[in-house]
2 protein chains.
Amino acid sequence: MTETIVKPFNLDFDLITGLSESKDTTKRPLSKMKGMYADELAFEAAVQNEDPLVYEFYELDLPQTPGDLLFGTSILYPGKVGDEYYMTKGHFHTILETGEVYYCLSGKGAMLMENPEGDWDIQYFSPGKAVYVPPRYAHRNINLGNEPLVTFFAFRADAGHDYGTIETKGYRKLVVERDGKPEVIDNPNWKE
Amino acid sequence: MTETIVKPFNLDFDLITGLSESKDTTKRPLSKMKGMYADELAFEAAVQNEDPLVYEFYELDLPQTPGDLLFGTSILYPGKVGDEYYMTKGHFHTILETGEVYYCLSGKGAMLMENPEGDWDIQYFSPGKAVYVPPRYAHRNINLGNEPLVTFFAFRADAGHDYGTIETKGYRKLVVERDGKPEVIDNPNWKE
């Protein structure tokens, strides 16, 4: 096994927009989220119309060791599909026993979490609010405001992303707009 | 062994001052840093005079597992002892193979790093700059400006802090003011 030595480095992330001048983001247009929003007609119409960019984030190219950390910003745009707020795909970590921290730089939103044991939780983001995602919790950002929701995140470099479980089973809960306000409801399509 | 289940939670850290309204800081007055500044006369005079608060930071009470993360802010005040800028004690992680990330919220400064193999490095902080401290590197914040240097940090919850090595051997390098500007010099008191 060859060992890669990581040297100290720095990277810029604007404190409001989250954007870096020295790196490109990974982009998730709506078309990459098929099956994740409850209102499939609204989803198809939005994809046909302009396929909006829902979120983007930074991915570091570091060795995926248990001692390194990956970090960056996530920028989730405001919008809705039907009455469901724009959100990230959400994922478990492949190494389920690893947590993650998100620190909100700007915008308004929430982190929706659930673990395989059936516990779920929602924590709200506003500028200056850090949310801790403990080990075992799938986590998804949701934008509840009119501005981009920008967070700085850090997690163990070997944690890995398991998107498949969420893609197959969905989330237990959805966050939708009711009378102009966010409401957490059961996901009618959730599979045990 | 009893297992502690960590539930999701949030915590506020002001994006400029770094201060939380819901938690107290751990405080490091200058008197707790005996032997760490090169100019011992200036050190003793400052401690006798008012023993200024040099820095403060947040410590979370989470289980120290390899899957959890500890995070918070560090607030390092501006000032000098002789011609040496205010700095944190600096530490290795007890589990040497664990890294740490610092994201600068406000102020101006640097992260001075060295590993047991003799490599050293300095990375500069300004608002929006993230600095990665790779595994094996001792790390110390240094305030090079006129405002508090505020950083948001995250590291593995079981990493641990080894302050003793730095307290005994010192750092290989010092950062001092020369003609109004920071300069990195060899530490005359460093012990191999």
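Chain A of this predicted model has an average pLDDT of 95, and 98% of its residues score at least 70. For the model as a whole, both ipTM and pTM come out at 0.96. As a reminder for any reader of such models, where pLDDT is low, the predicted coordinates should not be read in detail.

The contact between the copies comes next. Chain A brings 37 residues to the contact, and chain B brings 37 residues as well. On chain A, the strands that each supply at least two residues to the side touching chain B are S1 (9–12), S4 (69–76), S8 (100–106), S10 (120–125), S11 (129–133) and S13 (149–156). Of this side of chain A, the largest share belongs to S11(A), with 5 residues. Sorted by class, the side of chain A that touches chain B holds 23 nonpolar, 8 charged and 6 polar residues. Because 100% of the interface residues of chain A are also interface residues in chain B, the copies meet through the same surface.

Strand pairing also crosses from one chain to the other. S11(A) pairs with strand S1 (residues 9–12) of chain B in the antiparallel sense, over 4 bridges. Within this pairing, A:Ala130 is found opposite B:Leu11 of S1(B). In general, strands of a sheet pair through backbone hydrogen bonds, either parallel or antiparallel.

Within chain A, an open sheet of 3 strands can be followed in the order S10-S9-S12, with antiparallel pairing. S10 and strand S12 (138–143) of chain A form the edges of this sheet, each pairing on one side only. From one strand to the next, the twist averages 20°. Strand S9 (residues 109–114) of chain A is joined to S10(A) by 6 bridges in the antiparallel sense.

S9(B) is mostly covered, with 6 of its 6 residues buried. In a regular strand the side chains alternate between the two faces of the sheet. For S9(B), both faces are covered: one side carries B:Gly109, B:Met111 and B:Met113, the other carries B:Ala110, B:Leu112 and B:Glu114, and all of them are buried.

The partners of S9(B) complete the picture. Strand S10 (residues 120–125) of chain B pairs with S9(B) in the antiparallel sense over 6 bridges, and B:Leu112 has B:Ile122 as its bridge partner in S10(B). These two strands, S9(B) and S10(B), form a hairpin with 5 residues between them. In the turn of this hairpin, B:Gly118 has a positive phi of about 100°. Strand S12 (residues 138–143) of chain B also pairs with S9(B), again in the antiparallel sense and over 6 bridges. There, B:Met113 is placed opposite B:His139 of S12(B).

Conventions:
Residues are numbered from 1 along each chain as its sequence is written. Chains are lettered from A and ligands numbered from 1 in the order in which they are written. This is a predicted model: local features need pLDDT of at least 70, side-chain atom pairs count only at pLDDT 80 or more; totals for chains, interfaces and linings use all residues. Two residues are in contact if their C-beta atoms, placed from the backbone, lie within 7 Å. Ala, Val, Leu, Ile, Met, Phe, Trp, Tyr, Cys and Pro count as nonpolar, Asp, Glu, Lys and Arg as charged, and the others, Gly among them, as polar. Two strands pair if DSSP finds at least two bridges between them. Axes are lines fitted to C-alpha atoms, for helices over the stretch in contact, and angles run from 0 to 180 degrees between N-to-C directions. pLDDT is the predictor's confidence in each residue, from 0 to 100. A residue is buried if 20 or more other C-beta atoms lie within 10 Å of its own, exposed if 12 or fewer, and partly exposed in between; C-beta atoms are placed from the backbone.
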